[in-house]
Amino acid sequence: MYYNKPTQDGGEDQIASWGAIRRNETFMLPRLYWNPGSKYIIAFDPCRLNDNAIVLVGELYEDSQLGLCMKIVNCINMIDKNTGNKYKLSLPEQRAKLKSIILKYNGQNADYEYIDSIQFDLGAGGQPFGIIDDMLDDWTDDKGRKHRGFIDKTSEIYQTYIGKFPNAADKIRLVSPKKYRTQMFQEFIELFDLGVIKLPHEYDGRDYITNMTVVDGEEVQEDYKLSNEEKVALTEIDLLKNEITAMQKITNADKTSETYQLSKEAERKGYHDDRCYAMILLAHRLYELRHKNAVQKKDENQEITFMRFRSPKVYK
């Protein structure tokens with residue numbers, strides 16, 4: 001873990017400055033369960049040994065000026081506490097925990113109605129398949145309730161499984177970092193600059209959060225006592241901010257290609273990039289949804305214009 005906050009930004013090649021982080025922070029509590037009416041994107045970057053196994057949760061919401069936006073409401077590191085946080089949970093344990101997280105953010109609703117998608121990092125040494133392969137079939141939760149399985153119907157790998165598991169929900173998306181990494185970082189940079197991705201304020205380690213609200217025209221201070229799970233979520237999100245500001249754009253000598261990776265200083269300090277990459281997965285999906293909304297709006301406007309200006313009928 002790396003809890004020391006940097007005191008200055010890392011230069012023009014930094015994908016997001018601390019100033020940008022602060023501009024995109026807002027007062028909000030972690031969200032541990034479904035918020036009625038809200039939909040969620042879940043990103044999962046699984047790992048067993050060397051890196052972190054991160055689940056990042058983004059809550060979608062509509063802003064009257066900015067359009068579709070996303071709040072980062074939870075960050076979960078699947079560590080095995082029995083090993084003194086040295087190792088991650090086994091893959092079967094990670095799979096079971098992921099299912100539990102999905103149900104929490106869907107609420108008591110029809111299967112996965114409020115889950116937009118689960119974005120999987122495909123580059124984790126084949127480990128996603130060790131989890132997804134056993135999520136295809138219907139399953140029963142710890143309360144004895146039966147649920148549909150999961151599949152990525154867009155993936156070439158699972159095309160022959162669509163017929164074998166017809167009840168599986170098309171909610172998983174396998175994303176290749178080799179193929180889309182540069183594009184996804186560019187999408188994140190654009191969205192973060194627009195201010196459509198929001199983060200909680202920096203956590204100061206206290207047991208409560210103070211908020212100022214207006215009641216009957218007067219400003220009133222309210223203290224909210226944090227649960228242990230909320231404290232962990234805020235701490236993990238702060239680590240996510242560290243990783244984001246530690247990522248830099250690297251351009252080759254001919255300036256014909258670019259990639260994104262941790263700065264050398266961050267590597268020396270022992271930073272990981274798992275939380276940041278989970279954020280990139282969420283941003284990629286948000287970018288897709290915003291593009292889809294923009295296309296639909298354009299089509300609707302064109303249809304209205306056509307109806308307004310179509311030629312009048314001439315009767316003879």
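The following conversation goes through some assignments in this predicted model and the criteria behind them.

Modeller: In this predicted model, local features need pLDDT of at least 70 and side-chain atom pairs count only at pLDDT 80 or more, while totals for chains, interfaces and linings use all residues. Residues are numbered from 1 along each chain as its sequence is written, and side-chain values use heavy atoms, with hydrogens and water left out.

Colleague: Why is Asn52 called buried?

Modeller: Buried means under 20% relative accessible area, exposed over 50% and partly exposed in between, with a 1.4 Å probe and protein chains only; Asn52 has a relative accessible area of 9%, and therefore counts as buried. Asn52 is placed in the loop between strand S2 (39–45) and strand S3 (54–63), where strands (E, at least two residues) and helices (H or I, at least four) are DSSP runs numbered from the N terminus.

Colleague: What makes the pairing of Asn52 and Asn77 a polar contact?

Modeller: The term asks for a pair of N or O atoms within 3.5 Å, and within protein one must be able to donate a hydrogen and the other to accept it, while residues adjacent in sequence count only if both atoms are side-chain atoms. The side chains of Asn52 and Asn77 are joined at 3.0 Å.

Colleague: Why is Gly19 called partly exposed?

Modeller: Gly19, which is placed in helix H1 (residues 18–23), has 30% relative accessibility and so counts as partly exposed.

Colleague: What makes strands S14 and S15 a pair?

Modeller: Two strands pair if DSSP finds at least two bridges between them, and S14 (residues 247–251) and S15 (residues 258–262) have 5 bridges in the antiparallel sense. They form a hairpin with 6 residues between them, and Gln248 stands opposite Gln261 in S15.

Colleague: How many disulfides does the structure hold?

Modeller: A disulfide is a pair of cysteine sulfur atoms within 2.5 Å, and the structure holds 0. Cys69 is buried because its relative accessibility is 0%, and Cys276 is buried because its relative accessible area is 1%.
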